[in-house]
Amino acid sequence: MSHAGVVPELRITLPASRGSLALLRHVLRGFRDAYDVSSPTMDDIVLAVSEAAANVVLHAYSGRPGTLTLVARVDDGVLHTLVRDHGCGIQPPADTPVLGHGLALMEHVAASVQVLGSPAGTDVVMSFQLSAEHGSTTLSDFGTAS
Amino acid sequence: MIDAAERELTIQVSAGRGEARLPVLRRAVAATSSKAELPVDRIDDALLILEALLADERVAEADEVHLILTARPGSFELLMGPLPGVEAERLLLQAQLPLVGPVIDRLATSATTVDGGSHLLIVVGV
C-alpha cells in the first residue's frame with residue numbers, strides 16, 4: 001500500500017481484541033458485495049487477513065490495550081490490504097509456533113506478502129487477485145489445531 | 001461482572017470513493033450496532049440512516065467518508081465527519097432516501113451537529 005495520496009476504499013481501526021476479529025471479517029466481506037469475487041476467493045482473503053489480525057491480537061501488545069488497523073483498496077483487479085499494529089511486532093513467544101503457521105497460510109493464499117516491522121509497530125501487506133483460481137488447500141495442510 | 005466500559009466498543013472506519021463504500025460501511029454499522037444489543041428493527045433503522053447520509057450527493061462526491069461508531073448497551077452512536085464542503089446541519093435536515101423521504105428525524109433517537117458543525121452525531125437507542 002505504498003500509493004501515497006491514494007484514498008483507500010476502506011480504513012478501519014478497532015481495539016486489538018478477540019471480539020474485533022469477527023467484526024473485521026464481516027466488514028472485509030463487503031468487498032464481495034461490491035466486486036465480482038467468488039466465494040472461495042473471498043474466503044481465502046478473509047482467512048489470510050484474519051490470520052494477520054489475529055497475530056496482532058495475540059502478540060502485538062503483550063496483553064496491553066492497543067489497536068488494529070486494516071486498510072484495503074482494489075486496483076486493477078487486485079485487492080491490496082495492510083494490517084497494522086502499533087505494538088511490539090508479531091514475533092510470537094518462543095514456545096508457540098503460531099506465527100510460523102499463520103505466515104505460511106498467508107503466503108499460500110495471497111499473491112504477495114510483506115511483513116514490515118519497525119519499533120513503531122508492524123505492517124503486514126498482502127495482495128490478492130480477485131479473480132484467483134481457488135485451490136483445494138485446507139487448514140489441515142498448515143498443521144493448525146483446527 | 002462486566003462493567004460498562006468493557007461493554008463499550010468504538011471503531012473508526014473510513015471509506016473512499018468506490019464500489020465498496022456502501023457495502024463496507026453498511027457492514028460496519030450493522031456489526032457495531034449489533035454489539036449495542038439493539039433489536040433488529042433498530043439495527044435496520046441505523047442502516048437506513050447511514051444510507052440516507054451516503055445518498056446525499058455532496059457526501060457521495062466526498063473523497064472519503066469518516067465514521068466513528070460506538071456501541072454501548074442499548075445505544076449506538078454514529079459520528080460522521082469532517083465533511084469538507086458539506087454543512088452538517090443541512091445534511092441533517094435534507095438527508096433522505098428515494099420513496100422513503102427524510103429518515104433521520106423519524107428514526108434517530110437524537111441527531112445533532114457537533115464540533116462547530118463539522119460533524120454529525122446520531123444516536124439510535126433501543
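Predicted model: local features only at pLDDT ≥ 70, side-chain atom pairs only at ≥ 80, totals over all residues.
Ten strands make up an open sheet with antiparallel pairing, in the order 4(A)-5(A)-3(A)-2(A)-1(A)-1(B)-2(B)-3(B)-7(B)-6(B). Its edge strands are strand 4 (112-118) of chain A and strand 6 (110-114) of chain B, each of which pairs on one side only. On average, and ignoring direction, neighbouring strands of this sheet are turned by 15 degrees against each other.

The chains meet in this sheet at their strands 1: residues 10-15 of chain A run antiparallel to residues 9-16 of chain B, and three bridges join the two. As a reminder, strands of a sheet pair through backbone hydrogen bonds, either parallel or antiparallel.

## Strand 5 of chain A and its partners

Strand 5 of chain A (residues 121-129) is largely enclosed by the rest of the structure, because eight of its nine residues are buried. On one hand there is strand 3 (residues 78-85) of chain A, which pairs with strand 5 of chain A in the antiparallel sense over eight bridges. Here Arg84(A) stands opposite Asp123(A) in strand 5 of chain A.

Strand 4 of chain A also pairs with strand 5 of chain A, again in the antiparallel sense, over seven bridges. In this pairing Ser112(A) has Ser127(A), in strand 5 of chain A, as its bridge partner. A hairpin through two residues takes you from strand 4 of chain A to strand 5 of chain A.

## Around Thr69(A)

Strand 2 (residues 67-75) of chain A holds Thr69(A). This residue counts as buried because its relative accessibility is 10%, under the 20% limit. The side chain of Thr69(A) makes a polar contact with the side chain of Thr13(A), at 2.9 Å.

What else is Thr69(A) in contact with, leaving aside its neighbours within four places in sequence? Besides Thr13(A), the list holds Arg11(A), Ile12(A), Leu82(A), Val83(A) and Arg84(A).

## Salt bridges

Over all chains, a search of the whole structure turns up eleven salt bridges. One of them is between the side chains of Asp43(A) and Arg29(A), at 3.1 Å from N to O. This pair links distant parts of the chain, 14 residues apart: Asp43(A) sits in helix 3 (residues 39-60) of chain A, and Arg29(A) in the loop between helix 1 (18-28) and helix 2 (30-34) of chain A. Asp43(A) counts as partly exposed at 38% relative accessibility, and Arg29(A) is partly exposed too, at 29%.

Over in chain B, the side chains of Asp56(B) and Arg58(B) meet in a salt bridge at 2.6 Å, N to O.

Glu77(B) forms a salt bridge with Arg72(B), and their closest N and O atoms are 2.6 Å apart. Shared partners join Glu8(B), Arg72(B) and Glu77(B) into one network of salt bridges. Arg72(B) is partly exposed, with a relative accessible area of 29%.

## Where the chains touch

Now for the contact between the chains.

Two salt bridges are counted between chain A and chain B. Arg27(B) and Asp33(A) meet in a salt bridge through their side chains, at 2.8 Å from N to O. There are also six residue pairs in polar contact between chain A and chain B.

Key:
Residues numbered from 1 in each chain as written. Chains lettered and ligands numbered in written order. Heavy atoms only, no water. Pairing = 2+ DSSP bridges. Helix = DSSP H or I, 4+ residues; strand = E, 2+ residues; numbered from the N terminus. Axes fitted to C-alpha atoms, helices over the stretch in contact; angles between N-to-C directions. Buried < 20%, exposed > 50% of the residue type's maximum accessible area, 1.4 Å probe, protein only. Polar contact = N/O pair within 3.5 Å; in protein donor to acceptor, adjacent residues only side chain to side chain. Contact = heavy atoms within 4.5 Å. Salt bridge = Lys/Arg side-chain N within 4 Å of Asp/Glu carboxyl O.
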